[in-house]
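Hi,

Here is the structure I said I would pass on.

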Amino acid sequence: MNILVCIKRVPDIAGSVVLDDTGTGIDESGLGHTMSSHEECAVELAIQTAAATAGTVTVLTVGPTEAVEQLRAAVAVGANDGILVEAADPSVFAPEDIAQVIGDVVRDRAEAGQTFDLVLTGDDAADTGDFQVGIRLAYDLGYPALTNIQTISAADGDSGTGGSGPAPGGGERSSGRIEARGIGPAGTEIFALDLPAVIAVHEGGVDPRYPSITGRMKAKKATIVEYDAPEPGTGNPRIRLELPEVKASSVTILGEGPEAAPALVDVLEEIGVMRP
Amino acid sequence: MTVVYVETDPAGEVTLTSAEAITFARQLLPDGGPDTSREVAAPPSGSPEGVVIGQLSDSAVAELGRLGVSVIHHLEHPDLAEYSAAAWAQAIVDITPESGTLLASGTPRGMELMAHVAVRTGQRMAANVIGADEEGLLRQVHGGTAFERLRLDGELHVLTIAGHACNPEETTPVTPEVYDYELDVAEADLATRVQRTEAEAADDASGLTSARAVVGAGRGVGSENGFSEVLELVDHLGGALGVSRVVTGLGWRPHAEQVGQTGSRISPDVYIACGISGAIQHMAGIEGAKTLVAINSDEESTMVQRADYAIIGDLHEVVGAVNEEIVRRKQ
Ligand SMILES: Cc1cc2nc3c(=O)[nH]c(=O)nc-3n(C[C@H](O)[C@H](O)[C@H](O)COP(=O)(O)OP(=O)(O)OC[C@H]3O[C@@H](n4cnc5c(N)ncnc54)[C@H](O)[C@@H]3O)c2cc1C
């Protein structure tokens, strides 16, 4: 199974943030960058699935030149190659624009002979939290979409009933059926899906691996296909960013060590959460 | 007109987050006035309509009435018995007015359905909204570290409401009118239908989101075997265990117990954070806690600074002593 994983370069925020001069973005100068956590799991899931099905993993990002770091990080843990759609400031794109850009790349790659049976995204990115790119991409490609998925495997009795009709680039559509497991309100939900499909992954089903030395070496030499980003189509509806009020600490220190335990039990009794 | 997609739990009751979303619709969104494009009686001003898919219990109707919902669109069909985002979203689209606001709570279901609806109606969607005024909408970004102010164009605004953006509040009760519909479900929309559900795993998560007392455990617990005192406290309080991402990442506890931006968002009466530093992504999950208690060896940690009450010290010793004190008082 050939898998495309869409990832996003995001600032790695541990403490509070500072806004940039325009007031529409955060000041990233003092921050490191990473890929969103759902996407780390999507990359891991892709690597495991590709290994089990003798397939390949390609990672794609729409981002600044520096986002090649995130692509290479994914190659270092096992992805085969990368696609960088170079957009100096991805924040000018709305989720619908990003989905369109990725859809166009998928069609273009298909024309160039590189087709994907499965496209993975994260449920939502750590910065914008939009929760739409995967779903909008699925509609753009005419594929079914799942979100909140944690693991996937080839479905039992794979009948190869996968979608008929032409692939986006005019080649043969991939076939096959997969089982996907995700978290629902009443338990683990199991889906069976014909390929090609778009699946948005939620963290927690697999543990992202660390890169090996050979992985790092491979990442340096990996092929990264580059595209220029088109003009943002619908554009971002953002007016500005704001920061929450910093609340002054009003903590009551009940004490130090085990001696403070009775004071805490008093508090718990007062709140009324002690089991009778 | 404002329409709220209402989630019900397996017992058929309106979920807490949907009650929040309805309250949000009632109190914070400008009322677009009655919708005249449909043959549904216009509800009183300021009163949102609700959409319920699947069984509609009498108690849910009564609860929606207490929340000020005067019209309930009830969508029930054998093909919708199992969840399928595409089919459910189309059912919502079929009864959604062409203008106004359509919203859901920012749960995985709410997010997924609104995203499908937004595509199918050709609209933008704003996720994790926490406020609205004449300037536009306010929503959480960067896991709640910052807010984005934005303006949606288009006739229909599609939103999800961040968990705990407001407290659910009942109002002067009304008797909702219930409209049932004949539906056509397209075969293609059933491709993403749930085949089966395995109960266990998410039971933990639902216990976590509904517990009145949650004891949180972080890296400070030290190892996979370091949870005994914490679990005993959970038991004394009849509560639930919630953990930080470091704990799930190390494989000490399952992801279903994770609290935070990429885990559950909880609103217990008390959250007792043991050995958790208070990273922004963790705090995003506990904003709804009414009382926050920190047990941490580091007085300077964010968790201690943000807490209402704190004990400084080794969590194993402190929690052990708390358990002993509880047992002593019960005797
Ligand atoms: C995109 C993204 C999403 C994320 N989502 C989440 C999420 O959903 N939930 C989440 O929790 N995190 C999340 N994180 C991770 C988050 O940034 C922190 O890394 C994590 O919350 C830290 O966990 P911790 O507090 O257990 O560990 P640490 O930060 O290591 O803190 C351990 C604390 O324990 C204290 N301690 C140590 N020993 C003891 C002892 N014996 N007794 C008492 N106290 C002790 C220390 O003083 C310290 O305060 C996310 C990160 C990213 C980038």
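Keep in mind that this is a predicted model. I began with contacts in chain A: of those between residues at least 6 apart in sequence, 73% link residues at least 24 apart.

As for the overall build, chain A has 6 helices and 13 strands. Its C-alpha atoms fill a box of roughly 70 × 50 × 40 Å along the principal axes. Of the 276 residues in chain A, 52% are buried. The chain exposes about 11800 Å², and carbon and sulfur atoms account for 50% of that.

If you want to find Glu299(B), go to the loop between β14 (291–296) and α9 (302–306) of chain B. Glu299(B) has a relative accessible area of 38%, so it counts as partly exposed.

One helix to look at while you have the model open is α2 of chain A, residues 68–76. Which of its residues are buried? They are Gln70(A), Leu71(A), Ala74(A), Val75(A) and Ala76(A). For reading that pattern, remember that an α-helix has 3.6 residues a turn, so residues three or four places apart point the same way. Just past the end of α2(A), Gly78(A) adopts a positive phi of about 135°.

Cheers

Key: Residues are numbered from 1 along each chain as its sequence is written. Chains are lettered from A and ligands numbered from 1 in the order in which they are written. This is a predicted model: local features need pLDDT of at least 70, side-chain atom pairs count only at pLDDT 80 or more; totals for chains, interfaces and linings use all residues. Side-chain values use heavy atoms; hydrogens and water are left out. Helices (H or I, at least four residues) and strands (E, at least two) are DSSP runs, numbered from the N terminus. Buried means under 20% relative accessible area, exposed over 50%, partly exposed in between (1.4 Å probe, protein chains only). Contact means heavy atoms within 4.5 Å. Accessible areas come from the Shrake-Rupley method with a 1.4 Å probe; for residues, only the protein chains shown count as cover.
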